[in-house]
Amino acid sequence: MQMNFTRAFRIAVVAVAACTVFSFAEDIVAKTSNGSTVILHDNGRWEYYQNNANIRDVRESAVPKDARFEVSVLYESPDKVKKNVRMAMEADFATEEEIKDSLRKVPKGGYVYFQVPTKQIKPGLTRELTYSLYDGGKKAIFTKTVRDSEATPSEDAGISNLLVVPVYGRPKSRVMQAKVEDRANHATLDIEIPIR
């Protein structure tokens, strides 16, 4: 089944492994989107950075290139999936009954794709990350640990799918939450997924 993802909603999140470390005992330094440097405290407070030597600097420029990684999330609604399934099956001259049978198998909540740039996957430098999906609650509706060496190429050039998650129930919230964890290095990345 061929699907066109060019119109699908894509959230690209550039994550730096060391930048995503949320330590309960240490404050960190980060750079905001407007270029200001701030200190992020573990209790949720923040303040402008003033060269405090006791604070660990984890800005992107301070992190080695090997430790950097990028994760993007693609959400495809059930309506979009059904449209793509119908078009693909009609192109293969499927009967209307075959098409209806395939459309019944489309998950009610659509699909969530965890993706990375293919060039980021390097043999011998495998990362093992845990992916979780939350729908308005504290309990994950899906959790799985995957190595980036298991990624498969997507239809988009230069992008590989790490994980394809079918969402079987209709989403309860307008914004689902995804969490990517590097449990070995205590790094976490939270991503919001708007549902349309």
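Biologist: What share of the contacts in the protein with a separation of 6 or more comes from residues 24 or more positions apart?

Modeller: A contact means heavy atoms within 4.5 Å. In this predicted model, residues 24 or more positions apart account for 64% of the contacts with a separation of 6 or more. Two reading notes: residues are numbered from 1 along each chain as its sequence is written, and side-chain values use heavy atoms, with hydrogens and water left out. The model is predicted, so local features need pLDDT of at least 70 and side-chain atom pairs count only at pLDDT 80 or more, while totals for chains, interfaces and linings use all residues.

Biologist: Thanks! How many helices and strands does the protein have?

Modeller: Helices (H or I, at least four residues) and strands (E, at least two) are DSSP runs, numbered from the N terminus. Here there are 2 helices and 13 strands.

Biologist: And what percentage of the residues count as buried?

Modeller: Buried means under 20% relative accessible area, exposed over 50%, and partly exposed in between, with a 1.4 Å probe and protein chains only. Of the 196 residues, 40% count as buried.

Biologist: Which strands pair with β11 in the antiparallel sense?

Modeller: Two strands pair if DSSP finds at least two bridges between them. β7 and β11 pair in the antiparallel sense over 7 bridges, with P117 bridging to I159 in β11. Strand β10 (residues 152–153) also pairs with β11 in the antiparallel sense, over 2 bridges, and T152 stands opposite N161. β10 and β11 form a hairpin with 5 residues between them. In that turn, G158 has a positive phi of about 80 degrees.

Biologist: Now the rings: how many aromatic pairs are there?

Modeller: A pair of aromatic rings is described by the distance of the centres and the angle of the planes. Rings of Phe, Tyr and Trp (its six-membered ring) pair if their centres lie within 6.5 Å; planes under 30 degrees apart count as stacked, over 60 as edge-to-face and the rest as tilted. A search of the whole structure finds 2 pairs. Y111 and Y113 make a tilted one, 6.2 Å centre to centre with 40 degrees between the planes. Both Y111 and Y113 are buried. F114 and Y131 have ring centres 4.8 Å apart and planes at 50 degrees, so this pair is tilted.

Biologist: Which strands hold F114 and Y131?

Modeller: F114 lies in strand β7 (residues 111–117) and Y131 in strand β8 (residues 128–134), so the pair ties together parts that are 17 residues apart in sequence. F114 counts as buried at 0% relative accessibility, and Y131 counts as buried at 1%.
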